Amino acid sequence: MKIVMKVEVNCGKCRTKALQIATQVDGAEFVGFDEKHQDELVVTGKGVDAVKIVGALRKKVGKTSLISVEN
């Protein structure tokens, strides 16, 4: 499963915090920002819950929107 989210981050500390939150989700195998679109966070893995990730990022980092979910 591949999940792509747009996260509004203004500083390096916020980017690190977003990565830490996304890696704590059960089933996440890869977490990183897209090279072409620096504000898009990509999470891949089995059984990853997109709603949990987006909710946690909105609560702790800021404005986050879900772009796509692929199996």
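Visitor: Which residues is Leu-41 in contact with, leaving aside its neighbours within four places in sequence?

Guide: Happy to start there, and bear in mind that this is a predicted model. Leu-41 is in contact with Ile-3, Val-4, Met-5 and Val-7, with Ala-18, Leu-19 and Ala-22, with Val-31, Gly-32 and Phe-33, and with Leu-57.

Visitor: Which residues touch the most other members of the largest nonpolar core?

Guide: That core has 18 residues, and those touching the most other members are Met-5, Leu-41, Val-43, Ile-53, Leu-57 and Val-61. Two or more residues come from each of β1 (2–7), α1, β2 (28–33), β3 (40–45) and α2. The most come from α2, which gives four.

Visitor: Now the helices, please. How are two packed helices described?

Guide: By the angle between their axes and the distance between the axes. Here, helix α1 (residues 12–23) and helix α2 (residues 50–60) have axes that come within 10 Å and cross at roughly 145°. The crossing of α1 and α2 is right-handed.

Visitor: Which residues make the contact?

Guide: From α1 they are Lys-17, Ala-18 and Ile-21, and from α2 they are Ala-56, Leu-57 and Lys-60. By class, the contact of α1 with α2 has four nonpolar and two charged residues, with no polar ones.

Visitor: Let's finish with a loop. Where is Gly-47 found, and why does Gly-47 count as exposed?

Guide: You will find Gly-47 in the loop between β3 and α2. Gly-47 counts as exposed because its relative accessibility is 67%, and the cut-off for exposed is over 50%. Between Gly-47 and Lys-60 there are 22 Å in space, C-alpha to C-alpha, and the two are 13 residues apart in sequence.

Key. Residues numbered from 1 in each chain as written. Predicted model: local features only at pLDDT ≥ 70, side-chain atom pairs only at ≥ 80, totals over all residues. Heavy atoms only, no water. Axes fitted to C-alpha atoms, helices over the stretch in contact; angles between N-to-C directions. Left-handed = near helix turned anticlockwise from the far one by under 90°. Contact = heavy atoms within 4.5 Å. Nonpolar A, V, L, I, M, F, W, Y, C, P; charged D, E, K, R; others polar. Core = buried A, V, L, I, M, F, W, Y, C linked by side-chain atoms within 4.5 Å. Buried < 20%, exposed > 50% of the residue type's maximum accessible area, 1.4 Å probe, protein only.
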